[in-house]
Amino acid sequence: MSTSEIGSKVAELRELRRMAAELAEQISALENEVKAEMLRRDTDTLSGLDYKVTWKEVTSSHFDTKAFKSAYASLYTAFTRPAVSRRFVIA
């Protein structure tokens, strides 16, 4: 692939990412409007002819690695391993 072809692909990637960010903002705005209506109606479920929207509270538990590391540093070190990955960035 030539330098100009790479430049063209990078420009296309930048434009697509910009478009994706715009779509994400529009999606978020519409979701917030629906959520506001659900709050106004004091409901966690809305149904129509071809849709069902739910917005419910969910409780989950997560392991607190920071607290574990401070309380049991040697165990934390013994059970951690490095992970290698590659990050793709366009600047």
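**Order of the elements**

A: Starting at the N terminus, the elements of the protein chain run α-β-β-α-α. Helices (H or I, at least four residues) and strands (E, at least two) are DSSP runs, numbered from the N terminus.

Q: Is the chain a compact globule or more spread out?
A: More spread out: the radius of gyration of the protein chain is 23 Å, well over the 12 Å that the globule rule gives for 91 residues. The radius is taken over C-alpha atoms, and the rule is 2.2 Å times the number of residues to the power 0.38.

Q: Where does this model come from, and how are things counted?
A: This is a predicted model, where local features need pLDDT of at least 70 and side-chain atom pairs count only at pLDDT 80 or more, while totals for chains, interfaces and linings use all residues. Residues are numbered from 1 along each chain as its sequence is written, and side-chain values use heavy atoms, leaving out hydrogens and water.

Q: How many helices and strands are there?
A: The protein chain has three helices and two strands.

Q: What does the C-alpha trace span?
A: About 55 × 50 × 20 Å along the principal axes of the protein chain.

Q: Tell me about α1. What should it span, end to end?
A: Helix α1 covers residues 3–41, and at 1.5 Å a residue its 39 residues should span 57 Å. The expected span is 1.5 Å times one less than the number of residues. The end C-alpha atoms of α1 are 57 Å apart, which agrees.

Q: What follows α1?
A: Asp42, whose phi is positive, near 55 degrees, although Asp42 is not a glycine. Asp42 sits in the loop between α1 and β1 (45–47).

Q: Is Asp42 buried or exposed?
A: Asp42 counts as exposed, because its relative accessibility is 71%. Buried means under 20% relative accessible area, exposed over 50%, and partly exposed in between (1.4 Å probe, protein chains only).

Q: And how much of the chain is buried?
A: Buried residues make up 2% of the 91 residues in the protein chain.

Q: What about Ala21, back in the helix?
A: Ala21 lies in helix α1 and counts as partly exposed at 38% relative accessibility. Ala21 and Leu75 are 54 residues apart in sequence, and their C-alpha atoms are 42 Å apart in space.

Q: Where's Phe63?
A: Phe63 lies in the loop between β2 (52–54) and α2 (65–71). At 61% relative accessibility, Phe63 counts as exposed. From Phe63 to Leu49 is 14 residues in sequence and 41 Å in space, C-alpha to C-alpha.

Q: Which helix has Ala73?
A: Ala73 is in helix α3 (residues 73–78), and at 43% relative accessibility Ala73 counts as partly exposed.

Q: New topic: how far apart are the mean positions of the charges?
A: For the 14 positive and 13 negative charges of the protein chain, the mean positions are 10 Å apart. Lys and Arg count as positive and Asp and Glu as negative, while His and the chain ends are not counted. The place of a charge is NZ of Lys, CZ of Arg, CG of Asp or CD of Glu.
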